[in-house]
Amino acid sequence: MKTMIIYYSAGGHTDIVAKTISKKLDTDIIRIKDLKNRKGIKNRLISSLDAFRESKTKIQPLRVDISDYDMIYFGTPTWAGNPSPAILTIIDRCDLRAKDVVLFATMSNSGGSSTIKRMREKVEGRGARVVEEFTLKTKDKTPTQLQKDSEAIAELLDLNIFTNKK
């Protein structure tokens with residue numbers, strides 16, 4: 001089963017999780033870039049508002065060809081209890097009919113469940129079947145701890161069963 005991880009990361013936590021899972025499961029991976037300036041206090045407040053409103057954003061790449069993939073992972077940080085605008089934008093541009101999907105969200109403290117719920121609604125609305133989902137708290141964790149936690153989640157959820165790699 002050919003697998004791809006598609007993710008957005010602003011502060012680097014989601015990047016660590018996505019790369020760790022990709023390495024462990026031997027998947028293809030692509031990071032979505034948000035072309036809107038999301039740095040600084042003012043822009044972070046605007047970003048939270050964009051996430052709450054589910055505003056679309058300019059991203060790079062514009063589209064991802066997933067036609068050769070059976071399994072797609074979508075990963076995002078949690079902003080104001082919602083998925084990032086970049087991940088929602090790419091989900092809306094993907095043909096997910098007959099695709100199996102795993103969803104994951106990183107969060108400082110809370111909001112991951114509502115983020116996953118909204119992502120689930122979006123991907124199912126585009127024809128996908130969600131086969132697994134997880135959240136990961138990142139507050140006060142080192143990159144090494146995030147890697148260990150990501151590996152532990154992959155083992156606990158037995159994510160290898162979705163890639164045919166054991």
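View 1. Aspartate 15 counts as buried because its relative accessibility is 12%, where buried means under 20% relative accessible area, exposed over 50% and partly exposed in between, with a 1.4 Å probe and protein chains only as cover. Aspartate 15 belongs to helix α1, which covers residues 13-25; helices (H or I, at least four residues) and strands (E, at least two) are DSSP runs, numbered from the N terminus. When neighbours within four places in sequence are left aside, aspartate 15 is in contact with Tyr7, Ser9 and Arg31, contact being defined as heavy atoms within 4.5 Å. This is a predicted model, in which local features need pLDDT of at least 70 and side-chain atom pairs count only at pLDDT 80 or more, whereas totals for chains, interfaces and linings use all residues. Residues are numbered from 1 along each chain as its sequence is written, and side-chain values use heavy atoms, with hydrogens and water left out.

**View 2. Strand β1 and its two sets of side chains.** Strand β1, residues 3-8, is mostly covered, with six of its six residues buried. Thr3, Ile5 and Tyr7 point one way from β1, while Met4, Ile6 and Tyr8 point the other way, and all are buried. In a regular strand the side chains alternate between the two faces of the sheet.

View 3. β1 pairs in the parallel sense with strand β4 (residues 71-79) over five bridges, two strands being taken as paired if DSSP finds at least two bridges between them. In this pairing, methionine 4 stands opposite isoleucine 72 in β4. β1 also pairs in the parallel sense with strand β2 (residues 28-34), over five bridges, and here isoleucine 5 stands opposite isoleucine 29 in β2.

**View 4. The chain as the setting of these close-ups.** The chain holds five helices and seven strands, which follow one another from the N terminus as β-α-β-α-β-β-β-α-β-α-β-α. For 166 residues a compact globule would have a radius of gyration near 15 Å, and the chain, with 15 Å, agrees; the radius is taken over C-alpha atoms, and the globule rule is 2.2 Å times the number of residues to the power 0.38. The C-alpha trace spans about 45 × 35 × 25 Å along its principal axes, and 49% of the 166 residues count as buried. Among contacts between residues at least 6 apart in sequence, 77% join residues at least 24 apart.
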